[in-house]
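Here is a short briefing on a two-chain structure. Please look over the sequence and the coordinates, then read the points below.

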Amino acid sequence: MTTKQITPKPASGPRVERLSRVVVRFAGDSGDGMQITGDRFTATAAAIGNDLSTLPDFPAEIRAPAGTLPGVSAFQIHFSSEDISTPGDEPDVLVAMNPAALKVNIRDLKPNGWLIVNADAFGPKDLEKAGYETNPLEDHSLDAYRILPVEIEKLTKEALKETKLTAKEKERCKNFFALGLMYYLYNRPLDNTVTWLGRKFKDKPAFIEANTLALKAGYTFGEATEIFQVTYEVPPAKLPPGKYRNINGNSALSLGFVAAAQQAGLPLFLGSYPITPASDVLHELSGYKNFNVFTFQAEDEIAAAGAALGASFAGSLGICTTSGPGLALKSETIGLAVMAELPLVVVDIQRAGPSTGMPTKTEQADLLQALFGRHGESPVVVLAACTPADCFWMAFEAARLAITHMVPVILLSDGYLANGSDPWLLPKVSDLPRIVPGFRTDPQGFEPYMRDPATLARPWVRPGTPGMQHRIGGLEKWDGSGNVSYDPENHEHMVHVRAEKVARIAHDIAPLQVQGPQSGDLLVLGWGSTYGAITSAVADLAAEGIVVSQTHLRHMNPLPKNLGEVLHRFRRVLVPELNSGQLALLLRGRFLVDAISYSKVQGQPFKRREIMERIRKVLES
Amino acid sequence: MNHDDDGKDNGREQGTPNGGTAVQLTRKDFESDQEVRWCPGCGDYAILRAFHVMFAKLGIPREQIVVVSGIGCSSRLPYYVDTYGFHTIHGRAPAVATGIKVANPGLSVWIATGDGDGLSIGGNHLIHVLRRNVDVKIVLFNNRIYGLTKGQYSPTSEQGKKTKSTPFGSAENPFNPLSVALGAEATFVARTVDVFTQHLLAVLEAAAAHRGAAFVEVYQNCNIFNDGAFDFMRGKEVRDENTLDLQHGKPILFGKQLEKGLRLRGTGVEVVNVQETGLDDVLVHDAHAEDPTLAFLLSRLGPPELPTPIGILRSVERPVLDQSMHEQVNEVVARKGPGNLEALLHSGDTWTV
């Protein structure tokens, strides 16, 4: 391996233009390594100190035929010298490794955006697989873009001709050539990636050498050929000081639960059945056994919830992770947790439904299922994470509320948060709150359904505790003794107690904060993963002089206790959500507010621009 | 049943669960303060009593026992036992019990279920708890009818059975619970009968002593909706002729004077008169055989041609899920050290602003 300078500086060559934010999308066949390419570009942007947000888009099929439209895999990164909160609407640059990737992604590219294509992949067969009748590189259909065909494969092979790799192995390094070229375009250093290659292939020095050569070849190609009339730089962002790590929502959830269990001094028990896009949490937590984490891959969604509830009964923190169809199957168990008044956290990583729907696409259409999708009067706590990093905090919050209030909690995430990532300002463990389980070991005066006067939580008594044997279950309980009761007044009383217990949690959560004017014409109210799009839309409008207020819900039940008062301070309330208006329906029902629903149900997140346009439209009306 | 023959005595050598010392308790100590509410004459009373007696004989403190159930007449049992109890959801007791046992392997965990709860709505959980060999004891009250919902046919009702939901007779083929359990790789499979007091108790004790999932089918009379379902072998006058009381290591004999025996013929069995043929050809029961083939063959026996087997068909050792899960956690802790949360959160590519 060479030791010479690996951070070339543009001594001469094209002018350097300073930009505040850039969106790059790498797209190729699922075998082309686009996710790794995107990850590395992200790591370098992070190391430079940019704020960033990323979103992968991979095919649903395990191995779609190479070169076809269903096989296209893409990775988008938004990096900036400012505070940003979405992976960006349209890419400024699209790197397309084959015609299929071009066809699937070109509609998103900004007009006059850079389009870098792997010209070696545009033969007649490649075009046919992608469904092109004529070569788009020649038929002027791409004239709206700054198109740069580069013989990426040929140049990569040429750069690697001295290595001992097979032709196939050499060809597979072409993504690093593309990465090198992008590093040149944005004046990024290569050292972060070279160091990573050294770690990644520490037992395969030939691969370290080859990928490093390809990376540098891409960079040098950009420098030597001056194909770009201009290169760019994006200076570091002014993020709050501290240590950061780029994290996706599913990893953040996993760490949040580990942290909560540790802070509560409890073993963590995950019952889960594989389902997209939740399975990664099962994978990740199954690797944390030394944190006293027990993962149980159940025979079905129902058993996953049942086992988690059993573990909670026995004194562990029982959690399950699933997506919409799985939440439907768990609803009976959640009802039992309501009746048994035991802690249980169920994470629903929402996807586009109903039924199997579009499992790899995002949606927020399970809100009403989470709130009401059970038999009987069955109130549960419902939370919603708003950014990938927020998944850590909401997992922690879900566990805290479940444990301290002895209630089941449903935590909503979605496919966009699960796979998207953003920088996470790492907390110190010493700054995390402790969670104190209400274990009771004193048999004196004990009754299974006696209640804490403030929270109405019943005591948590672990089987094995002497002198406190008791029976719980799904049958209605006499308040206090917990004996089975069919008494009409007691049932109504218990329905109210269970509701009141959840309602009182409003005293244990932060009141809603409004960004911007505290009263006025328009409040944009979102929940869950739309936070990034709404926040950047509102900020960009403010930069244009159009000022509206914004607030965002993370606690869906109980709602923050000042929500009604906040709503009534504004003449109009706009509710953007990725469903047919579920929160808007709720706000109308609860607060008699004529909420304006802005609904999108396409399996895609909101674009910043879409929300800006809708706000403008509302203001004009 | 000769309990001495129950082989290796795989009882709890390490004493009582959670390391407690043996306690002296009586049947009365296990009676809860709840009024028992099954129909007068129900077979469940005898099974409940056997639970009380068996728990007292285990020498385990009451708080170390958890009885889990689903829904149905049998599933009311936890309310009537003064241990920890969880009356859960129809069919789901094995799932809940798995969570309890993994969370605290020191507990003695029992499941009371029925033919509808365990084999119909909860069939999936039953086969998987057996396959995984979670150390829970499953007692399936089989009365071949839905009792609590008042008289519909169950997955063990005979073909042609007339019930409320099959006025012209059931068109369905029933399950054989023992065959299901063996097919699900159960390590302990037994059958007993509600009124065979000593036999019932001995089988429950053997189940308690087994390390791993134990499956016990109890023929239980529902005197309201399916009275007399087991009269062909339950009464004193027919018991000797129509039951095969299986004992490990002993020839398989039946009849008033144990004058009849079973002999292999092809892939089945035939009855021989041992006074004529001697014992040489008579099958010897081996509950500990690794290969479940003979156990499965025995599970298929019954009326009209052959007596019904009772006792322990199979009792073998295999790794136990809850223990394996804890061993794995302990191994990882030993290898990596106890988890350091700060290090975990701050792992991966980090940068400082």
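In this predicted model, α2(B) and α4(B) meet through P94(B), A95(B) and T98(B) on the α2(B) side and H125(B), L126(B) and V129(B) on the α4(B) side. By class, this contact has four nonpolar, two polar and no charged residues. The axes of helix α2 (residues 93–103) and helix α4 (residues 123–132) of chain B come within 8 Å and cross at roughly 35°.

**A buried strand in chain B**

- Strand β3 of chain B covers residues 108–114, and seven of its seven residues are buried, so β3(B) is largely enclosed by the rest of the structure.
- S108(B), W110(B), A112(B) and G114(B) point one way from the strand.
- V109(B), I111(B) and T113(B) point the other way, and the residues of both groups are all buried.
- β3(B) pairs in the parallel sense with strand β1 (residues 65–69) of chain B, over five bridges.
- W110(B) in β3(B) is the bridge partner of V67(B).
- β3(B) also pairs in the parallel sense with strand β4 (residues 136–142) of chain B, here over six bridges.
- In that pairing, V136(B) in β4(B) is the bridge partner of V109(B).

**A three-stranded sheet in chain B**

- Three strands of chain B form an open sheet in the order β8-β9-β10, with antiparallel pairing.
- β8 (253–254) and β10 (268–273) of chain B are the edge strands, each with a single partner strand, so one side of each has no neighbour in the sheet.
- Strand β9 (residues 260–265) of chain B is joined to β10(B) by six bridges, and the two run antiparallel.
- Opposite L262(B) stands V271(B) of β10(B).

**Two domains in chain B**

- Domain 1 of chain B takes in 12–229 + 319–345, and domain 2 takes in 242–311.
- Taken over C-alpha atoms, the centres of the two domains of chain B are separated by 27 Å.
- Their contact draws 11 residues from domain 1 of chain B and eight residues from domain 2 of chain B.
- On the domain 1 side, α5 (177–183), β5 (188–193) and α6 (197–209) of chain B each supply at least two residues.
- β5(B) gives the most to that side, with five residues.
- By class, the domain 1 side of this contact has six nonpolar, four polar and one charged residues.

**Where chain A meets chain B**

- At this interface, 60 residues of chain A are in contact with 51 residues of chain B.
- Several elements each supply at least two residues to the side of chain A that touches chain B, including the helices α1 (34–48), α9 (249–264) and α12 (324–340) of chain A.
- Strands take part as well, among them β10 (268–272), β11 (293–297) and β17 (471–473) of chain A.
- The largest share of the chain A side, nine residues, comes from α11(A).
- The residues on the chain A side divide into 34 nonpolar, 19 polar and seven charged.
- Strand pairing also links the chains: β9(A) and strand β12 (residues 350–352) of chain B pair in the antiparallel sense over three bridges.
- The bridge partner of Y244(A) in β12(B) is W351(B).

**Chain A overall**

- Chain A has 20 helices and 22 strands.
- A compact globule of 621 residues would have a radius of gyration near 25 Å, and chain A agrees with this at 27 Å.
- Along the principal axes, the C-alpha atoms of chain A fill a box of roughly 85 × 60 × 45 Å.
- Of its 621 residues, 54% count as buried.
- Among contacts in chain A between residues at least 6 apart in sequence, 76% join residues at least 24 apart.

**Chain B overall**

- Chain B has 12 helices and 12 strands.
- With 353 residues, a compact globule would have a radius of gyration near 20 Å, and the 22 Å of chain B agrees.
- The C-alpha trace of chain B spans about 90 × 50 × 45 Å along its principal axes.
- Buried residues make up 49% of the 353 residues of chain B.
- Of the contacts in chain B with a separation of 6 or more, 67% are between residues 24 or more positions apart.

How values were computed. Residues numbered from 1 in each chain as written. Chains lettered and ligands numbered in written order. Predicted model: local features only at pLDDT ≥ 70, side-chain atom pairs only at ≥ 80, totals over all residues. Domains from an automatic or database assignment. Contact = placed C-beta atoms within 7 Å. Helix = DSSP H or I, 4+ residues; strand = E, 2+ residues; numbered from the N terminus. Nonpolar A, V, L, I, M, F, W, Y, C, P; charged D, E, K, R; others polar. Pairing = 2+ DSSP bridges. Axes fitted to C-alpha atoms, helices over the stretch in contact; angles between N-to-C directions. Buried ≥ 20, exposed ≤ 12 C-beta atoms within 10 Å, placed from the backbone. Rg over C-alpha atoms; globule rule 2.2 N^0.38 Å.
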